[in-house]
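The following paragraphs go through one chain, from its overall form to single residues. Please keep the sequence and the 3D view open while reading.

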Amino acid sequence: MTRKMLVAGNWKMNGLRAHLADIAAIGDAAKAHPGVEVGLYVPATLITAAAERADGIFVGAQDCHAKSTGAHTGCLGAAMLGEAGATSVIVGHSERRTDQHESDADIAAKALAARAEDLSVVLCVGESLETRDSGSAVSFVLDQLLASLPEGAAADWLSIAYEPIWAIGTGRIPTMEQIAEMHGAIRGALAARLGAETAAAMRILYGGSVNAGNAADIFTLEDVDGGLVGGASLKAETFGPIITAA
Ligand code: PEP
């Protein structure tokens, strides 16, 4: 089964119109590697401007509400994000699970809401350092994955991102063996829930301190189908080499 590599940048709460030139430069870097799918999950305020300039990359949102409309001050529904120019959305990022107290059920509902508006979805899972140190990282992540997985999950619209919380923004990454073990376990759990064919086709990204120095090694692992990249995705100079590594 060949899965097209996906390298996606998560700009988090970074980016003003002054940074649109970086999006164009990242598009140029992506166009040199048509075999790799490249996307940028920008702040909602930049989606339209980014989508207008995006050439060679897709533009996504970092969250969406589980409801399509209603009395939810400050929130954005999937149709709004799609109209703004997003074609994809991240759900379940650990920062939102922590800061906004999002539950697995919330995340599954958000993924379904995005799917209903034809947005693709990257569903994030990952363990804390405490869980890693306790030796239960794999069982924790599989439980989180299965509880967050939306009904009807399919490889043509859903990807999984394994992001150990302790690796995000810290410069620390798991060993290659730990990444391989977790990605293999995730694929196994997807096969048990969704069937072997769907699991074999679904992309599983690694995220957490991916940079130009470690990307090539991580991307050679059999069950790693790309990366979700935070800090290093803000500039073409740091994101470009990660795209090249894929
Ligand atoms: C992220 O938050 O999705 C992420 C992977 O961040 P960083 O690459 O900065 O560790």
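**Overall form**

The secondary structure of the chain comes to 11 helices and 8 strands; helices (H or I, at least four residues) and strands (E, at least two) are DSSP runs, numbered from the N terminus. This is a predicted model, in which local features need pLDDT of at least 70 and side-chain atom pairs count only at pLDDT 80 or more, while totals for chains, interfaces and linings use all residues. Residues are numbered from 1 along each chain as its sequence is written.

Taken along the principal axes, the C-alpha atoms fill a box of roughly 45 × 45 × 35 Å. A compact globule of 246 residues would have a radius of gyration near 18 Å, and the 17 Å of the chain agrees with that. The radius is taken over C-alpha atoms, and the globule rule is 2.2 Å times the number of residues to the power 0.38.

Of the 246 residues, 46% count as buried. A residue is buried if 20 or more other C-beta atoms lie within 10 Å of its own, exposed if 12 or fewer, and partly exposed in between, with C-beta atoms placed from the backbone. Two residues are in contact if their C-beta atoms, placed in that way, lie within 7 Å. Among contacts between residues at least 6 apart in sequence, 71% join residues at least 24 apart.

Beyond its neighbours within four places in sequence, Val-89 is in contact with several residues, among them Ala-61, Leu-81, Ala-114 and Val-121.

Ala-114 is also one of the buried residues of H5, which include Ile-107, Lys-110 and Arg-115. The buried residues of this helix pack against helix H3 (78-84), strand S4 (88-91), strand S5 (120-125), helix H7 (137-148) and strand S6 (158-162). Just after H5, Asp-118 takes a positive phi of about 65 degrees.

**Two loops**

Most residues other than glycine have a negative phi. Lys-12, in the loop between strand S1 (5-10) and helix H1 (20-31), has a positive phi near 50 degrees. Lys-12 counts as partly exposed because it has 19 C-beta neighbours inside 10 Å.

Ser-209 lies in the loop between strand S7 (204-207) and helix H10 (215-219). Its phi is positive too, at about 60 degrees, although it is not a glycine. With 21 C-beta neighbours inside 10 Å, Ser-209 counts as buried. Its contacts, leaving aside neighbours within four places in sequence, are Ala-167, Gly-169, Thr-170, Gly-171, Arg-172 and Ile-173. Ala-167 is 42 residues away in sequence but 5.9 Å away in space, C-alpha to C-alpha.

**Ligand shell**

Which residues are closest to the ligand? They are Asn-10, Ile-168, Gly-207, Gly-230 and Gly-231, out of 13 that surround it. The shell divides into 5 nonpolar, 7 polar and 1 charged; Ala, Val, Leu, Ile, Met, Phe, Trp, Tyr, Cys and Pro count as nonpolar, Asp, Glu, Lys and Arg as charged, and the others, Gly among them, as polar.

Notes:
Near = placed C-beta within 6 Å.
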